[in-house]
Amino acid sequence: QIAFPYIAEVLRHLDYESDRPARWWPAGQDRSVLVDPRIAFGLPVIYPSGVRTETIVDRFVAGERMAGIAEEFELTQDQIEDALRFENRLGSVPA
């Protein structure tokens with residue numbers, strides 16, 4: 001019973017194909033981070049570009065500005081922020 005609210009939250013953010021889970025939007029469908037086993041071997045990406053969130057974080061941690069990263073990968077500022085927010089939840093962005 002304790003785990004059910006967490007499980008329900010994950011299930012809410014799944015896309016289904018033929019009654020089977022196909023894609024997961026970890027921050028919700030209104031954000032751009034997607035986990036799909038058919039894209040980037042299931043690693044989190046920015047949809048629809050396919051740029052891995054890890055790549056964005058690596059560039060940001062290396063000192064690149066968000067505007068420069070967005071321009072290079074043809075992403076929006078919101079997509080860059082989504083990637084950083086998602087990876088920060090995982091502990092991938094150093095404090």
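## Reading a predicted fold, one feature at a time

Me: Ile-7 has its place in helix 1. Before we go on, what kind of model is this?

Reply: This is a predicted model, where local features need pLDDT of at least 70 and side-chain atom pairs count only at pLDDT 80 or more, while totals for chains, interfaces and linings use all residues. Residues are numbered from 1 along each chain as its sequence is written, and side-chain values use heavy atoms, with hydrogens and water left out.

Me: Fine. How many helices and strands does the protein chain have?

Reply: Helices (H or I, at least four residues) and strands (E, at least two) are DSSP runs, numbered from the N terminus. Here you get four helices and five strands, and from the N terminus on the order is α-β-β-β-β-β-α-α-α. The C-alpha trace spans about 45 × 30 × 20 Å along its principal axes.

Me: What share of the residues is buried?

Reply: Buried is under 20% relative accessible area, exposed is over 50%, and partly exposed is in between (1.4 Å probe, protein chains only). Of the 95 residues in the protein chain, 33% count as buried. Back to Ile-7: that residue is partly exposed, at a relative accessible area of 44%.

Me: Which nonpolar surface patch is there?

Reply: Patches take residues with over 30% relative accessible area and no salt bridge, joining like charges within 9 Å and nonpolar side chains (Val, Leu, Ile, Met, Phe, Trp, Tyr) within 5 Å. Areas come from Shrake-Rupley with a 1.4 Å probe, and for residues only the protein chains shown count as cover. In this model Phe-4, Ile-7, Leu-11 and Tyr-16 make a nonpolar patch of about 420 Å². Helix 1 (residues 4-12) gives the largest share of that patch, three residues. As for the whole protein chain, the accessible surface is about 6500 Å², and 55% of it belongs to carbon and sulfur atoms.

Me: On to the strands. What is the strand order in the open sheet?

Reply: Two strands pair if DSSP finds at least two bridges between them. The open sheet has three strands in the order 3-4-5, paired antiparallel. Strand 3 and strand 5 (51-52) are at the edges with a single partner strand each, so one side of each has no neighbour in the sheet. Two bridges hold the antiparallel pairing of strand 3 and strand 4; Val-33, for one, has Ile-46 in strand 4 as its bridge partner.

Me: And how many bridges join strand 1 to strand 2?

Reply: Four, and strand 1 and strand 2 (residues 20-24) run antiparallel. Asp-15 stands opposite Arg-23 in strand 2. The hairpin of these two strands has two residues between the strands, and Ser-18 in this hairpin takes a positive phi near 55°.

Me: Now charges. How many salt bridges does the structure hold?

Reply: The idea first: side chains of opposite charge can pair when their charged atoms come close. The cut-off is a side-chain nitrogen of Lys or Arg within 4 Å of a carboxyl oxygen of Asp or Glu. The structure holds eleven of them. One of them joins Arg-38 and Glu-17, at 3.2 Å from N to O. Arg-38 sits in the loop between strand 3 and strand 4, and Glu-17 in strand 1 (residues 14-17), so this pair ties together parts 21 residues apart in sequence.

Me: Is Asp-36, which also pairs with Arg-38, buried or exposed?

Reply: Asp-36 is buried, at a relative accessible area of 4%. Its closest N and O atoms with Arg-38 are 3.2 Å apart. Arg-38 is exposed at 54%, and Glu-17 is partly exposed at 35%.

Me: What do the buried residues of helix 4 pack against?

Reply: Read packing through contacts, meaning heavy atoms within 4.5 Å. The buried residues in helix 4 are Gln-79, Ile-80, Asp-82, Ala-83, Leu-84, Phe-86 and Glu-87. They pack against strand 3 (33-34), strand 4 (45-46), helix 2 (53-61) and helix 3 (66-73).
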